[in-house]
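This briefing walks through a set of charged contacts and a stretch of strand and helix architecture. Please keep the sequence and the three-dimensional view side by side while reading.

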Amino acid sequence: MDAIVLAGGYATRLRPLTYTRPKPLLPILNKEVIDWILEAVVKSNPSRIFVSIRYMGDKIETHLNSKWNNASIVVEDRPLGDAGPISLINKLHGINGDFIVVNGDIFTSIDINDMLRYHKAKGGLATIALTPVSDPHHYGIAEMDDNGKITNFIEKPATVQRSNLANAGIYIFAEDALQYFPQPGRQGKLATDVLPKILEKYDVYGYVLKDFWFDIGTIETYMEANFKALELLNPKRLSFIDENVEIGEGSEIGPYAIVLKNTKIGRDTSISNSIIMDGVRIDMGSHIDGAVVGQDVSIGKWVRIEKGVTIGDGTYIKDHVFINRNVKIGPFREVSQSIYNEGDILL
């Protein structure tokens with residue numbers, strides 16, 4: 001079985017974080033999203049692993065070469081959607097037998113081996129991982145019969161549906177499904193261009209996930225995924241302090257605080273419900289609640305950062321600055337005055 005990880009998207013909804021790094025390299029705790037995915041994929045013992053890249057592909061390639069020398073990298077020369085890369089990989093390398101496709105922007109506890117057993121037992125042309133969601137309007141929604149066969153697939157429905165089972169971005173296809181993918185070099189989407197054609201003629205089954213799943217598509221879901229990982233791996237403290245972190249006297253870190261390596265925090269500072277990335281400098285007396293602070297950011301004395309704020313890599317926040325809720329600040333900016341309007345964007 002071949003495994004394909006799709007890691008070529010632009011991730012516009014995660015800006016300003018993704019102005020300087022691709023989404024698959026955003027950390028969940030201190031491990032990149034793509035590493036969590038590949039660890040799950042490797043447990044299924046695939047014969048080959050392919051990773052399709054495009055946006056900031058050089059950074060992903062460097063990372064993969066340093067940690068995953070068993071993965072073959074395929075570079076998209078133009079945006080190909082989530083179906084086009086499979087055709088390209090088949091053209092270049094030839095796909096034999098069943099193959100698994102995993103979106104490179106999800107965080108989940110899926111047991112791929114269990115999904116494979118389900119796929120083989122059902123004998124359909126494809127199996128799609130599904131997960132219950134509270135708001136179906138943002139996802140592709142599958143309707144199933146009592147035997148698990150998908151009877152209908154609706155992409156981002158505008159009206160209330162009978163099902164709340166969303167496409168989780170993990171697929172297993174039989175080799176015969178390749179005929180329904182776009183021609184090599186053509187763009188295509190699995191949900192709208194491939195799966196409806198397969199559903200017309202063949203059985204497609206839904207595999208319902210038994211545990212957590214997050215689509216790392218927005219700042220909000222990115223934070224939720226990190227806090228879920230925190231609950232699972234460090235439930236007693238509900239904070240994660242990486243290596244080589246310095247914390248000044250009188251500072252309070254947590255709950256739900258993730259502070260990554262080489263960060264220095266001054267005295268009498270409070271951080272909660274926040275993600276602080278590598279190499280951040282936070283001076284004394286600052287307060288951060290519900291924010292994401294990018295890599296190598298410098299924050300001065302007595303700064304206050306409110307919920308929903310995202311600060312891009314390399315930015316400098318001067319002393320005594322107040323940043324109101326839901327403000328987004330681009331990378332490598334200097335902020336010397338307070339931002340009082342909620343939701344302002346400074347790029």
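Which residue forms a salt bridge with Lys-23, and how many Å apart are the closest N and O atoms? The partner is Asp-105, and in this predicted model the closest nitrogen and oxygen atoms of the two residues lie 2.9 Å apart. The pair links distant parts of the chain, since Lys-23 sits in the loop between β1 (2–7) and β2 (27–28), while Asp-105 sits in the loop between β6 (99–103) and β7 (106–108), 82 residues apart. Both Lys-23 and Asp-105 are buried.

**Salt bridges**

- The structure holds 14 salt bridges, and the Lys-23 to Asp-105 pair is one of them.
- Lys-31 and Glu-39 meet through their side chains in a salt bridge, with an N to O distance of 3.1 Å.
- Lys-31 counts as partly exposed because its relative accessibility is 22%, a value that falls between the 20% limit for buried residues and the 50% limit for exposed ones.
- Glu-39, the partner of Lys-31, is likewise partly exposed, with a relative accessible area of 32%.
- A network of salt bridges links Glu-32, Asp-35 and Lys-67.

**A pair within helix α4**

- Asp-114 forms a salt bridge with Arg-117, and here the closest N and O atoms are 3.5 Å apart.
- Both residues belong to helix α4 (residues 112–122), and because they are three residues apart in that helix, about one helical turn separates Asp-114 from Arg-117.
- Asp-114 has a relative accessible area of 24%, and therefore counts as partly exposed.

- Strand β4 (residues 48–53) and strand β5 (residues 71–75) run parallel and are joined by five bridges.
- Within this pairing, Val-51 stands opposite Ile-73 in β5.
- Together with helix α2 (residues 57–67), strands β4 and β5 make a right-handed β-α-β unit.

- With a relative accessibility of 43%, Gly-9 counts as partly exposed.

Key:
Residues numbered from 1 in each chain as written. Predicted model: local features only at pLDDT ≥ 70, side-chain atom pairs only at ≥ 80, totals over all residues. Heavy atoms only, no water. Salt bridge = Lys/Arg side-chain N within 4 Å of Asp/Glu carboxyl O. Helix = DSSP H or I, 4+ residues; strand = E, 2+ residues; numbered from the N terminus. Buried < 20%, exposed > 50% of the residue type's maximum accessible area, 1.4 Å probe, protein only. Pairing = 2+ DSSP bridges. Right-handed = clockwise from strand over helix to strand, strands pointing away.
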